[in-house]
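Please load the model in the viewer and keep the selection panel at hand.

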Amino acid sequence: MFGNFQNPAASYASVSLETSVQTADPHYLIMLLFEGSRAAMIEARHHIEAGNIPEKGKALSKAIDIIANGLHASLNVEAGGDLAEKLGALYDYWVDRLLWANLHNDTAAIDEVLHLHEEIHSAWADISPGKTPLSSAP
C-alpha cells in the first residue's frame, strides 16, 4: 500500500535531491551537471585501474550522457552565440575522448578531459550568481 520502505534514508536523499533540482536556478543545475560528470569520470578511471571493465563502461556512459544530454543540450546558441558554439564543440570533443577512453581503457584520455572539464567548471563557479566580481571588490 505504501511502497517499499527498505531504505528510508535513500528514499529521503532521492526526494531531497529531486526537490532541490526542481527548484534550482539554471546556474546551480549546470554546476550539478559538472559535478556529476566529474564524479563519473573519476569513477571510470578507478575502474580501469582496478581492471573492472564493465563498471568502467557504465561510469563512462554516465559521464558521456551527462555531457551530451545535460551540458551540451543546455546550450542556447541563439542567446550565447560564438561562446555557446565553442562550448558545444568542446563538449563534443570531450565525448569523443571519453568514447576513445572507453574503447581503449585509456586513463590519459580521461585525465585530459578532466583537466579541460575543471577549467570550465571553475569558470562556472567564478560566475556564480551573487558572487562579487573582482573588479568591484574593495
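Which residues have the most contacts inside the largest nonpolar core? Select Tyr91, Trp94, Leu98 and Ile110, which hold that position in a core of 24 residues. Such a core is a set of buried Ala, Val, Leu, Ile, Met, Phe, Trp, Tyr and Cys residues joined through side-chain atoms within 4.5 Å. H2, H3, H4 and H5 each give two or more residues to this core, and H2 gives the most, with 7 residues. Helices are DSSP runs (H or I, at least four residues), numbered from the N terminus.

This is a predicted model, in which local features need pLDDT of at least 70 and side-chain atom pairs count only at pLDDT 80 or more, while totals for chains, interfaces and linings use all residues. Residues are numbered from 1 along each chain as its sequence is written, and side-chain values use heavy atoms, with hydrogens and water left out.

Next, select tryptophan 94. Leaving aside residues up to four places away in sequence, tryptophan 94 touches Phe34, Ile67, Leu71, Val113, Leu116, His117 and Ile120; contact means heavy atoms within 4.5 Å.

Now display H4 (residues 77-104). Its buried residues pack against helix H2 (26-50), helix H3 (53-71) and helix H5 (107-126). Centre on leucine 83, where H4 bends by about 75°, the angle between axes fitted to the seven residues ending there and the seven starting there.

Finally, select glutamate 85, also in H4. Glutamate 85 counts as partly exposed because its relative accessibility is 48%, between the limits for buried (under 20%) and exposed (over 50%), with a 1.4 Å probe and protein chains only.
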